[in-house]
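Please walk through the model below, from its overall fold to its surface and its charged pairs.

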Amino acid sequence: MKMLGDREQGIADSIATAERVRNEMSQLKSENEKLLAQAREERTQMLRDAKETRDRIVGEAKYQAKEEANKIIIDAQHQIQQQKMAALTEVKNEIGSLALEVAEKILRKQLNASEGQEMYMKMLAEDIKLN
């Protein structure tokens with residue numbers, strides 16, 4: 001009967017060992033699930049941080065590009081204004097020169113004619129009397 005008792009003891013030990021192994025496996029599975037959940041959370045946080053960093057960098061780049069574009073536009077407007085003023089000044093000077101040339105030619109032509117000289121003298125005399 002000793003054999004039967006040994007056999008029962010062997011079965012009981014095997015059942016206890018199997019139960020212990022099953023508990024350890026369950027505990028390992030639970031720990032693995034916790035580690036996987038933690039890894040997923042860390043991955044999600046890393047992705048969130050990367051997205052925030054990307055958005056910040058893109059936002060800064062857009063802001064800098066907009067500022068640079070505004071500066072270029074303002075510089076261009078100043079240059080256009082300066083060129084416009086220079087062109088207007090040149091046109092005014094040309095018009096003034098042409099007006100003087102035309103007036104000089106008209107006066108020469110009128111003063112060359114004797115009637116023109118007489119009229120000019122009368123006009124100067126009246127002008128002197130009025131003053």
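This is a predicted model: local features need pLDDT of at least 70, side-chain atom pairs count only at pLDDT 80 or more; totals for chains, interfaces and linings use all residues.

Helix α1 covers residues 2–112, and helix α2 covers residues 114–130.

How much of the protein chain is buried? Buried residues account for 1% of its 131 residues, where buried means under 20% relative accessible area. The accessible surface of the chain amounts to about 12600 Å², and carbon and sulfur atoms hold 59% of that area.

Part of this surface forms a nonpolar patch. L107, Y120, M121, M123 and L124 together make a patch of about 470 Å². Helix α2 supplies the largest share, with four residues. L107, in contrast, is located in helix α1.

The charged side chains come next. Side chains of opposite charge can pair when their charged atoms come close. The criterion applied here is a side-chain nitrogen of Lys or Arg within 4 Å of a carboxyl oxygen of Asp or Glu. Across the whole structure, five salt bridges are found.

One of them joins the side chains of R22 and E19, with an N to O distance of 2.4 Å. Both residues belong to helix α1 and sit three residues apart, about one turn of the helix. Are these two side chains exposed or partly exposed? R22 counts as exposed because its relative accessibility is 52%, while E19 is partly exposed at 34%.

R20 also forms a salt bridge, in this case with E24, and their closest N and O atoms are 3.8 Å apart. R20 and E24 are four residues apart in helix α1, so about one helical turn separates them. R20 has a relative accessibility of 47% and therefore counts as partly exposed. E24 is partly exposed too, since its relative accessible area is 41%.

Further along helix α1 is the pair K51 and D55. Their salt bridge has its closest N and O atoms 3.7 Å apart. Because K51 and D55 are four residues apart in the helix, their separation is about one helical turn. K51 counts as partly exposed at 47% relative accessibility, and D55 is partly exposed with a relative accessible area of 38%.

Notes:
Residues are numbered from 1 along each chain as its sequence is written. Side-chain values use heavy atoms; hydrogens and water are left out. Patches are made of residues with over 30% relative accessible area and no salt bridge: like charges are joined within 9 Å, nonpolar side chains (Val, Leu, Ile, Met, Phe, Trp, Tyr) within 5 Å. Accessible areas come from the Shrake-Rupley method with a 1.4 Å probe; for residues, only the protein chains shown count as cover. Helices (H or I, at least four residues) and strands (E, at least two) are DSSP runs, numbered from the N terminus. Buried means under 20% relative accessible area, exposed over 50%, partly exposed in between (1.4 Å probe, protein chains only).
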